Amino acid sequence: FFLMGTIVFAYIMSTTGSTLFTSKAKHGIVSLEIAVDKSAADGIQSEWESIQHGKYNNAALAIINTKWDFGFLFFYSFLIYVSLKWVARKNNTDSPLSRIAFYAAPFALLAGMLDVIENAGMLQTLEGKSSELIVKITYWSSLCKWTLLLLLLFILLISFIAKMVNRKTA
């Protein structure tokens, strides 16, 4: 269920966000997530407003993309949470890796909550209601979210590798 939802929303977001890769947003919507100050965020938003695609400009498409992200973050955060809990149960429950996976799982939900904060900040910026504080909150929420996600995915990867090694040696 969570895997299918993650895949569907990833597809939707890649489609709705495909036009957001521009000269000021080389990483698409992620460029706005990690804009370090109001000037950078406003530059991206301004450029997106000037690029028209049919009846929508890129800023409007970024708003649509960000709204879809609320569905995506629900599915990916619970997918990672459930995966870490599963890994913790399936590996030797006394192993340090199993305990790490067990205790790391709730941080997947924290990453989802940070993504909500980030999206709220991006929507404010895209609607022209940005401030230096909103951009900083968006930036730090994004940075913390990405850090958590990379660490959690690393734990999952190491757990799966350990499971495969243990399977071959057993």
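**Salt bridges, helix packing and surface in a predicted model**

Me: Which residues are linked in a network of salt bridges?
Reply: The model is predicted. A search of the whole structure finds five salt bridges. Some of these residues are joined in a network, whose members are Glu33, Asp115, Glu118 and Lys145.

Me: How many residues apart in sequence are the parts that Asp115 and Lys145 tie together?
Reply: The side chains of Asp115 and Lys145 meet in a salt bridge, at 3.8 Å from N to O. Asp115 belongs to helix α5 (residues 96–126) and Lys145 to helix α6, so the pair ties together parts whose separation in sequence is 30 residues.

Me: Are Asp115 and Lys145 buried or exposed?
Reply: The cut-off for buried is under 20% relative accessible area. Asp115 falls in that class, and so does Lys145: both are buried.

Me: What separates Lys38 and Asp42 along helix α3?
Reply: Lys38 and Asp42 form a salt bridge, with their closest N and O atoms 2.5 Å apart. Both residues lie in helix α3 (residues 38–50), four residues apart. Their separation is therefore about one helical turn.

Me: Which residue forms a salt bridge with Glu127?
Reply: Glu127 counts as partly exposed, at 38% relative accessibility. The closest N and O atoms of its salt bridge are 3.6 Å apart, and the partner is Lys129.

Me: Are α1 and α4 roughly parallel or roughly antiparallel to each other?
Reply: Two packed helices are described by the angle between their axes and the distance between the axes. The axes of helix α1 (residues 2–16) and helix α4 (residues 58–90) come within 8 Å and cross at roughly 155°. Angles over 145 degrees count as roughly antiparallel. Therefore α1 and α4 are roughly antiparallel.

Me: Is the crossing of α1 and α4 left-handed or right-handed?
Reply: The crossing angle of these two helices is roughly 155°. The handedness of the α1 and α4 crossing is left-handed.

Me: What distance separates the C-alpha atoms of Lys90 and Ala120?
Reply: Lys90 is located in helix α4 and counts as partly exposed at 46% relative accessibility. Ala120 is 30 residues from Lys90 along the chain. The distance between their C-alpha atoms is 37 Å.

Me: Which residues make the nonpolar surface patch of about 440 Å²?
Reply: Phe154 is one of the patch residues; this residue is in helix α6 (residues 132–169). Its relative accessible area is 48%, so Phe154 is partly exposed.

Me: What does the C-alpha trace of the protein chain span along its principal axes?
Reply: The protein chain has 170 residues, of which 43% count as buried. Along the principal axes, the C-alpha trace spans about 60 × 30 × 25 Å.

Definitions and conventions
Residues are numbered from 1 along each chain as its sequence is written. This is a predicted model: local features need pLDDT of at least 70, side-chain atom pairs count only at pLDDT 80 or more; totals for chains, interfaces and linings use all residues. Side-chain values use heavy atoms; hydrogens and water are left out. Patches are made of residues with over 30% relative accessible area and no salt bridge: like charges are joined within 9 Å, nonpolar side chains (Val, Leu, Ile, Met, Phe, Trp, Tyr) within 5 Å. Accessible areas come from the Shrake-Rupley method with a 1.4 Å probe; for residues, only the protein chains shown count as cover. A salt bridge is a side-chain nitrogen of Lys or Arg within 4 Å of a carboxyl oxygen of Asp or Glu. Buried means under 20% relative accessible area, exposed over 50%, partly exposed in between (1.4 Å probe, protein chains only). Axes are lines fitted to C-alpha atoms, for helices over the stretch in contact, and angles run from 0 to 180 degrees between N-to-C directions. Angles under 35 degrees count as roughly parallel, over 145 as roughly antiparallel, 65 to 115 as roughly perpendicular and the rest as oblique. A crossing is left-handed if the near helix is turned anticlockwise from the far one by less than a right angle, and right-handed if clockwise.
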